[in-house]
Amino acid sequence: MTQETVAPASEAVLDREETISRDELEALQLSRLQHTVAYAYDRVPLYKRKFDETGVHPTDLRELSDLGKFPFTTKEDLRLEYPFGMFAVPQHEVARIHASSGTTGRATVVGYTKKDLADWAKLVARSLRASGVRPGMKVHNAYGYGLFTGGMGAHAGAEALGCTVIPISGGQTERQITLIQDFKPDAILATPTYLLTIADAMMKQGIDPASTSLKYAVLGAEPWTEEMRHELETTMNIKACDIYGLSEVMGPGVAGEAVETQDGSHIWEDHFRPEIIDAFDPSRVLGDGEPGELVFTSLTKEALPIIRYRTKDLTRLLPGTARPAHRRMGRITGRSDDMIILRGVNLFPSQIEEIALRIPELSPHFQLELTRPEGQRMDQLTVRIERRETVTVEDVASAAKVLQQQIKIHVGSSCAVDVVEPGSLERSNGKLRRIYDLRPKA
């Protein structure tokens, strides 16, 4: 196969584990789960301590539901074990190390054996293939490289699939546009807000974003809505699918969305066992279809096995469709630690995005500012949002009023709305900051 040859859809051969029955998959999960909890107990001091304190032993895991007896792992656990206390293999067996930015505390450090890296590449390849990417395609990778897992994880998966990778990383938006025009990639990997930044920059240069060679976008690393999907697909004439992951569990490729259904990411359950718990009462494991906090246990990781990791991502589990044995994640509505509690009402940035993109005059570019005016005890939320280029100043006041009313109706809290000029708000170079907390520090 030459570089210019792209495999047709009919050649998208699935992994055997993608086609097995649910019963076969759950039998595989139980076997791998029993191995993992024993492996973690024997090799990671934190897990031996936690299991012993909880009064549970690996031999207590006789069926899948027994997983609920075992203690959770949190980001704080990884920070306390910084840097390598969570590793289950000797240092010479660790082939690669990644880490979080550590901007809100100690970095969380994760490691991979050679087998872990091969499994990771396979699952990213599986996710990309599900989202429409095919061997022989050119893939423009705009995820950040470095200690962040996104760039190198996506890169290895695209290569494993048989693609030609263009490793541009994040930022340098003008250069991104030049390479998209010159190299003519078939697919782009990025965060949804950064792809929006690229599209906006194209329009400012007089380039129609729908005229490029791009056909597929595989987007992740931040929550996004169906309204944002519609915005990107319409603007760029592409099919946009979600890819999910987090470094503590593996990185991108824990779950991937199928292009033919676009109905949520299928979790690759031959490698991960998901649960949904009540975020306010973690002892309650919820059934499929019930919204709550997503929890993961790894089934095949060697360097850093993870047991019942609390992701803080809020979603629900749904039956599989394009991959029937593997359950799907509903859209992530937000993270429990990104939740704004405004006068007793829980609010997430994704709710504002969903509402705003239904109002034709308003753009997807917005920020949420939390303030507490002097002398007042109540917090104030201001939504700062750009008008679209084609909207006149006269239309702005009515659009702001509609947004205020819709937030009050659908979220249940009042806010101020400030419609600002196009291009005046910060643009994404990767993950976008939506919330600005300007309240006085206690």
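Two remarks on conventions before I start. Residues are numbered from 1 along each chain as its sequence is written, and side-chain values use heavy atoms, with hydrogens and water left out. Since the model is predicted, local features need pLDDT of at least 70, side-chain atom pairs count only at pLDDT 80 or more, and totals for chains, interfaces and linings use all residues.

I begin with two helices. Helices here are DSSP runs of H or I with at least four residues, strands are E runs of at least two, and both are numbered from the N terminus. Helix 5 covers residues 114-130. The expected span of a helix is 1.5 Å times one less than its number of residues. For the 17 residues of helix 5 that gives 24 Å, and its end C-alpha atoms are 24 Å apart, which agrees. Of those 17 residues, 13 are buried, so helix 5 is largely enclosed by the rest of the structure. Buried means under 20% relative accessible area, exposed means over 50%, and partly exposed is in between, with a 1.4 Å probe and protein chains only. Just after helix 5 comes Gly 132, with a positive phi of about 105 degrees.

Helix 6, residues 149-161, has 13 residues and should span 18 Å; the distance between its end C-alpha atoms is 18 Å, in agreement. Its buried residues include Gly 150, Gly 151, His 155 and Leu 161. Gly 162 follows helix 6 and has a positive phi near 100 degrees.

How do these two helices pack, at what angle and axis distance? Helix 5 and helix 6 make an angle of about 75 degrees, and their axes are 7 Å apart. Axes are lines fitted to C-alpha atoms, for helices over the stretch in contact, and angles run from 0 to 180 degrees between N-to-C directions. The pair is therefore roughly perpendicular; that label covers 65 to 115 degrees, while under 35 is roughly parallel, over 145 roughly antiparallel and the rest oblique. On the helix 5 side the contact includes Trp 120, Val 124 and Leu 128, and on the helix 6 side Gly 153, Ala 154 and Gly 157 are among the residues involved. Contact means heavy atoms within 4.5 Å.

Two strands pair if DSSP finds at least two bridges between them. Strand 10 (residues 272-278) and strand 12 (residues 292-298) are joined by six bridges, and Phe 272 has Ser 298 as its bridge partner in strand 12.

Thr 315 is buried at 4% relative accessible area. Its side chain reaches the backbone oxygen of Gly 330 at 2.6 Å; a polar contact is a pair of N or O atoms within 3.5 Å, where within protein one must be able to donate a hydrogen and the other to accept it, and residues adjacent in sequence count only if both atoms are side-chain atoms. Also in strand 13 is Lys 312, which has a positive phi of about 70 degrees although it is not a glycine. Lys 312 is partly exposed, with a relative accessible area of 37%.

That leads to the backbone exceptions. Most residues other than glycine have a negative phi, and most peptide bonds are trans. Ser 169, in the loop between strand 4 and helix 7, has a positive phi of about 70 degrees and counts as buried at 18% relative accessibility. The peptide bond from Tyr 82 to Pro 83 is cis, with omega near -5 degrees.

Gly 170 and Gly 144 are 26 residues apart along the chain, with their C-alpha atoms separated by 4.7 Å. For Leu 432 and Thr 193 the separation is 239 residues in sequence and 6.6 Å in space, C-alpha to C-alpha.
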